[in-house]
Amino acid sequence: MATVIGYASTVFVSTPSSSSTHSTTPKFCFFKHLLKPILRRKKLLLASNIQATATAPSTDIIDINQPDERELSAKTNILACPICYNAVIQKGDTGLTIETKPRSSFECSTCKKSYYSNEIYLDLTVASGAKDYTESTPPSIEIFRTPLVSFLYERGWRQSFSLWGGFPGPDKEFELAKDYLKPVLGGNIIDASCASGLFTRLFSKSGLFSLVVALDFSESMLRQCHEFNKQEEGMPKENVILVRADIARLPFVSSSVDAVHAGAALHCWPSPSSAVAEISRILRPGGVFVATTYIVDGIYGTLPFLSTIRQNLVQLTSGHIFLSESELKDLCTACGLVDFTCVRNGPFIMLSATKPC
Ligand SMILES: C[S@@+](CC[C@H](N)C(=O)[O-])C[C@H]1O[C@@H](n2cnc3c(N)ncnc32)[C@H](O)[C@@H]1O
């Protein structure tokens with residue numbers, strides 16, 4: 001049975017945890033959650049020592065024995081090659097922060113492909129570095145790659161989601177998300193499809209995460225994100241990195257990420273199943289996925305043949321894919337996530353699911 005919870009002036013319908021796909025979470029899992037970040041960080045440091053030893057002949061590999069660099073190395077050790085998913089090793093300048101210096105480079109430990117950062121973000125897309133090859137992407141992606149939409153995004157575009165979409169607004173959404181993220185506080189978080197970084201800034205300034213990765217496919221959104229990050233008062237410089245990547249090919253080591261947040265983005269992804277599968281791959285056991293999107297329920301959910309008509313909406317809405325609550329739950333389950341739960345307000349839904357321990 002759905003319960004109704006009040007949140008400020010908005011009312012949300014909350015799916016109770018009894019509707020979870022797996023309702024039995026062993027108690028020891030909680031302690032594993034507490035210990036995991038500490039053990040994992042130790043493991044990462046150990047791994048970075050092993051990697052550095054294995055690649056010692058190269059003089060431009062960072063000196064992980066310097067305390068600051070070791071810390072950054074441990075934090076960025078989650079980064080992987082989007083082609084083979086093995087760790088990338090940072091070479092040269094380690095300035096991969098808000099003030100990233102151009103030409104920081106990473107090299108895949110397996111295929112040896114190099115990935116470069118400009119002064120703003122590290123490009124970890126599969127096609128990065130390609131000279132002649134270009135790929136056409138659906139309108140739902142292309143629209144966000146235009147500098148005008150990136151400029152307008154937090155200057156009216158995002159605010160309109162509250163007017164007609166039931167979105168409570170970034171501050172309230174952040175508060176709701178924090179509740180779901182409680183088990184992973186202190187860990188790293190990917191703000192997937194961050195756009196101009198409205199949540200990246202909130203996550204970073206909250207001090208609740210050791211590393212915030214602002215990730216988007218749009219170059220212009222990442223530029224706007226960088227501008228806002230620089231202007232934001234009290235924004236820490238050390239715990240945010242900007243990464244260009246495709247949600248369906250996430251450049252992170254498997255089971256290395258504590259949390260993935262994806263605000264208002266799932267309906268923009270060309271293949272939600274490829275994206276959620278990737279999110280599931282990178283989450284460590286006990287890691288949490290939190291996302292908001294629009295749902296299309298009601299008549300489309302009750303009469304299955306109408307879902308064909310609903311899919312035609314995809315064409316009408318420039319490739320946006322709107323799912324029902326049960327489809328979202330099914331999608332998470334199909335991708336190996338458990339404990340699906342959500343809050344709703346009209347077409348707005350915030351959902352959460354967990355990687356099983
Ligand atoms: C509506 S905006 C959401 C921004 C923000 N998270 C929020 O809560 O308002 C959707 C974002 O998804 C990004 N996006 C679309 N397709 C993507 C993909 N394949 N990989 C990564 N990001 C993608 C777009 O560039 C855009 O910035």
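Of the 20 residues around the ligand, those that come nearest are Phe144, Ser193, Ala195, Ile247 and Gly263; a residue is near a molecule if its C-beta atom, placed from the backbone, lies within 6 Å of it. This is a predicted model, in which local features need pLDDT of at least 70, side-chain atom pairs count only at pLDDT 80 or more, and totals for chains, interfaces and linings use all residues. Residues are numbered from 1 along each chain as its sequence is written.

Ala, Val, Leu, Ile, Met, Phe, Trp, Tyr, Cys and Pro count as nonpolar, Asp, Glu, Lys and Arg as charged, and the others, Gly among them, as polar.

| Contact of α4 with α8 | 4 residues | 3 residues | no residues |

Helix α4 covers residues 147–157 and helix α8 residues 219–231; they pack at an angle of about 40°, with their axes 8 Å apart.

Trp269 lies in the loop between β10 (257–262) and α9 (272–282). Trp269 is buried because 25 other C-beta atoms lie within 10 Å, and the cut-off for buried is 20 or more. Beyond its neighbours within four places in sequence, Trp269 is in contact (C-beta atoms, placed from the backbone, within 7 Å) with Ile247 and Ala275. Trp269 and His320 are 51 residues apart in sequence and, C-alpha to C-alpha, 7.3 Å apart in space.

Terms used
Axes fitted to C-alpha atoms, helices over the stretch in contact; angles between N-to-C directions. Helix = DSSP H or I, 4+ residues; strand = E, 2+ residues; numbered from the N terminus. Buried ≥ 20, exposed ≤ 12 C-beta atoms within 10 Å, placed from the backbone. Contact = placed C-beta atoms within 7 Å.
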